[in-house]
Amino acid sequence: MKDYLVKGFAYDGTVRIYAARTTNLVTEAQERHNTYPTATQALGRTLTAAVIQGSFYDEDQTITVRIDGGGPLGRILVDADANGHVRGYVANPGVNMIYDKGPKKGQSAVGPAVGTNGYIHVTKDLQIRDMFTGSAQLNTGEIAEDFAYYFISSEQIPSAVGLGVIVDEYGKVQSAGGFILQVMPGCKPESLDRIEEIIKNMTPVNLMIEEGATPEEIIDVLADSKWDRLLDLDLSFQCNCSREKFERGLLTLSKEELTELLEDETTEANCQFCGEQYKFSREDIQKLLEEKDA
Ligand code: ZN
């Protein structure tokens, strides 16, 4: 089954609901970065929220989400565009932490691994002169709550966010997905009460997706079965790095720095976002040096 997102309007058009299945793209991120389960969950939830948020904007607009909570995972950085493409990484992919007590005993300790001593930053490149960055203090480090708090505090949009990634005992992604629900002005108090009641009683979104629920079925639950479909979007992990981009990067080095690289048989450059490795031979570097001279 492919990854996709559905956007619907509900409650007389006063509530926007986005739901997505992201199992394939989170699997690709897990495999590319070789993340351990807790890192997979934190990165997978962030990729899911970011690819949904990306769909809020227009054609050529992009967002970058940065979550830096001071925990063992380090920084999570994710880019998404408006066409369903997302890429990202977590600074320390080898983190696995399990709650050993309390109600979440046995589950991945995403909050403590992300940390709460920091912020979520969302930078929007709307292709209109300046970039905008909105930030919010991290509340739980569990990602979904942090996005919800970001939407209300930085964008003044009351929102509910549900994100889930299920990883099996071998570290393989079983299912991933989520939803973002946003309340717009004019929403009736009784609709708000109903939404609150539904969210309080619904099956957690990760379990719904594990049980095979589609984005449409998630919206059905949240919308109380009455909604209008506005948008369908295929989703994928996609990085825009290339050998040419890395060459251009190498050309920004000084001649001395490039000459130093000649000492090695090959120079390896890794794309942080997707893990792709680009190799440059001594001859390649020599050519770049000549290009610099020209
Ligand atoms: Zn890349």
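**Exercise 1. Determine how the donor residues of the zinc ion are spaced in sequence, and which geometry its site has.**

Step 1. The spacing of the donor residues of the zinc ion in sequence is C-x1-C-x29-C-x2-C. The model is predicted, with pLDDT of at least 70 needed for local features and 80 or more for side-chain atom pairs, while totals for chains, interfaces and linings use all residues. Residues are numbered from 1 along each chain as its sequence is written, and side-chain values use heavy atoms, without hydrogens and water.

Step 2. The SG atoms of C239, C241, C271 and C274 are the protein donors, 2.2 to 2.3 Å from the zinc ion. Donors are N, O and S atoms within 2.8 Å of the metal (3.2 Å for Na, K and Ca); water is not among the atoms, so sites may look incomplete.

Step 3. The angles among the 4 donor atoms are 105 to 113°, and the site is tetrahedral (four donors, all angles between 85 and 135 degrees). Ideal angles for four tetrahedral donors are 109.5 degrees.

**Exercise 2. Classify C241 as buried or exposed.**

Step 1. Buried means under 20% relative accessible area, exposed over 50%, and partly exposed in between (1.4 Å probe, protein chains only).

Step 2. C241 has 18% relative accessibility and therefore counts as buried.

Step 3. Across the protein, buried residues make up 52% of the 294 residues.

**Exercise 3. Describe the contacts and the extent of the protein.**

Step 1. Of the contacts (heavy atoms within 4.5 Å) between residues at least 6 apart in sequence, 63% join residues at least 24 apart.

Step 2. The C-alpha trace spans about 70 × 45 × 35 Å along its principal axes.

Technical notes. Tetrahedral: all angles 85-135°; square planar, octahedral: opposite > 155°, others 65-115°.
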